[in-house]
Amino acid sequence: MPADSPAVAALGQLVAAKTGGVRRAGQEGMVAAVERALHGRRHLLVEAGTGTGKSLAYLIPAVLSGSTALVATATKTLQDQLAGADLPFIGEHLDREVTWAVVKGRQSYVCMAKLTERLSGTAPVPRLIEDDDDDAYAAIAAWADGHATGDRDDLPAAVPDHVWREVSVPGMECPGAERCPQGAICFAEAALRRARNADVIITNHHLMGLHLSSGFRILPEHDFVIIDEAHKLEAALSAAFGVDISAGRLTAFANNAQRLIAPDPARDRDPITAVRDAALRMERTFRSLPAARLDPSEGDVGAAVLAGSRTVADAMRALRKVDEDHPLAGPVARVTHQGGHVCGDFNAGFDLPEGWVAWAEPERGVVRVAPIEVADALGGSLLVHQPAILTSATLTVGGSFAPFARRLGFLEDAPEEDPLAGDVTEAVPRTYTGLRVEGSFDYSRQGLLYLAARLPDPRTDEYPEAVVEEIAALAGAAGGRALLLTTSYQMLERIASGLVDTPYRVLVQGELPKKRLIAEFAADETAALVATMGYWEGIDVPGRSLSLVVIDRI
């Protein structure tokens, strides 16, 4: 590697400043490769094993580049690590100002318009659950008043999902700050403003995909993209580029619009009743379909899709006409925006774009419409405009990056070059360099794999209780210090109940916001944390606090 590499030298400074820091050849090699790729505006794929130190290996060159980086991850946990630990550490020990901002989907932030409507009693939608949640709304309002982010993950206490839905808004319902009465104090817009002035913008795969599919209209401008946990990118892009056609979307629109339509004796039929009838028709039709590819414009499916789109369009025409200072101005704008998305997505399914495919998922009552491959969408948008650094512990098949790279729109491998020696051009070819870096863990010496082969068959009634007993014994032997991962909420509740009378502290997903829960776990060397699949990746708990990981089912 280059002896005069500024990024490798900076890594050395950080390793020296870190308690117990150790130089790793793999990490240094990755730092140098990322630095070369950014200088030469070339794409780089890095497969780096667990323990390599991937985040520092790409953040250091990104910060030193002097350009704006977009870092996209699959998990909020990794986003929290980058923003709460890695970037502050880099800024402190490299003695330079580093700015960063986290941008999440709009539903992650409290919507001040909906919160105001709920507290004032002017909300057009009845509560989804009839419990007395006034204290919860009041607590959210007190927290949001003057809070820096309005991010659900920053709440001091966990909030039930049904309460959060009442005070947040999905992106497909948000009309934008200009059309919202509370737009001037919108937390989602504030996050975007912070990001426009940041050196590093941190977001998630799905939001990045929506940014690409919208023609680069969602996220602030940036010079290059770094994608961590890249093995999950293809699925995230497929979800972002595609749409669901479902009765649930019709019902959600009807629920939001039902109190916003002015009575009209001249109408033969209530528009909301028509939308609900179309939803029932769609539900029956979609649930009876085989799980197979189909044409959404044909037969009963086409008739149901067309009826859904037309009834929503009719209901939108019947919405109240209000001026901008009317109490219902915000709700009308949100419902109009929501209805536009429903009609647009349903019409796209009815008139399937070239290169797209539709299939039925009857267990969900959904017809899914998505591009056959994300390669064209990614390759034709991002890869020809900006350098992309993709990294994960698993990117190759049989030692080759080619299968993964082809699916994402990269062209065949290019030999590694040092662009510092030649001219740097603005064009970004879709070729890439691949680098494989071994992890730093000696698993045969540092770890022990235990398979509970004596457990009953997972299909039997005896299995769940036996799993709980086995986990209790393992966690007891470790003195807590365990991350107990489950594949279902039912098993989470069983395991949590089975560990009530233990001498160590038991933390359970849902008791606290995720960020606080992980911090509590990391700070207590005798704690055990019981959680579902959202905690399977991106958690970094060094030291004795995490000595045992148990997975209930693979």
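A: Let us begin with burial: a residue is buried when its relative accessible area is under 20%, exposed when it is over 50%, and partly exposed in between, using a 1.4 Å probe and protein chains only. The model is predicted, so local features need pLDDT of at least 70 and side-chain atom pairs count only at pLDDT 80 or more, whereas totals for chains, interfaces and linings use all residues. Residues are numbered from 1 along each chain as its sequence is written, and side-chain values use heavy atoms, leaving out hydrogens and water.

Q: Which residues of α3 are buried?
A: Helices are DSSP runs of H or I with at least four residues, strands are runs of E with at least two, and both are numbered from the N terminus. In helix α3 (residues 54-64), 10 of the 11 residues are buried, so the helix is largely enclosed by the rest of the structure. The buried residues are Lys54, Ser55, Leu56, Ala57, Tyr58, Leu59, Ile60, Pro61, Ala62 and Val63. Just after α3, Gly66 has a positive phi of about 80 degrees.

Q: Is Val71 buried or exposed?
A: Val71 belongs to strand β2 (residues 69-73). Its relative accessibility is 0%, so Val71 counts as buried.

Q: Which residues does Val71 touch?
A: Contact means heavy atoms within 4.5 Å. Leaving aside residues up to four places away in sequence, Val71 touches Tyr58, Leu59, Leu82, Val200, Ile201, Ile202, Thr203 and Ile226.

Q: Is Gly380 buried or exposed?
A: Gly380 is exposed, because its relative accessible area is 51%. This residue lies in helix α15 (residues 375-381). The C-alpha atoms of Gly380 and Phe410 are 9.9 Å apart, although 30 residues separate the two along the chain.

Q: How are α1 and α4 arranged, parallel or perpendicular?
A: Axes are lines fitted to C-alpha atoms, for helices over the stretch in contact, and angles run from 0 to 180 degrees between N-to-C directions. Angles under 35 degrees count as roughly parallel, over 145 as roughly antiparallel, 65 to 115 as roughly perpendicular and the rest as oblique. Helix α1 (residues 6-17) packs against helix α4 (residues 76-93) at an angle of about 100 degrees, with axes 10 Å apart. The two helices, α1 and α4, are therefore roughly perpendicular.

Q: Which residues in α1 and α4 meet?
A: Gln13, Leu14 and Ala17 in α1 meet Phe89, Ile90 and His93 in α4. Ala, Val, Leu, Ile, Met, Phe, Trp, Tyr, Cys and Pro count as nonpolar, Asp, Glu, Lys and Arg as charged, and the others, Gly among them, as polar. By these classes, the contact of α1 with α4 has four nonpolar, two polar and no charged residues.

Q: What is the volume of the largest cavity?
A: On a 1 Å grid over the protein atoms alone, a cavity is a set of points where a 1.4 Å probe fits but cannot get out, a pocket is an open set with protein on both sides within 12 Å along at least five of seven lines, and lining residues have an atom within 4 Å of a point. Grid points are joined across faces, edges and corners, and a volume is the space filled by probe spheres set on the points. The largest cavity has a volume of about 150 Å³. Of the 17 residues in its lining, Arg106, Cys111, Val169, Cys174 and Cys186 are the closest to its centre. The lining of the largest cavity comprises 12 nonpolar, two polar and three charged residues.
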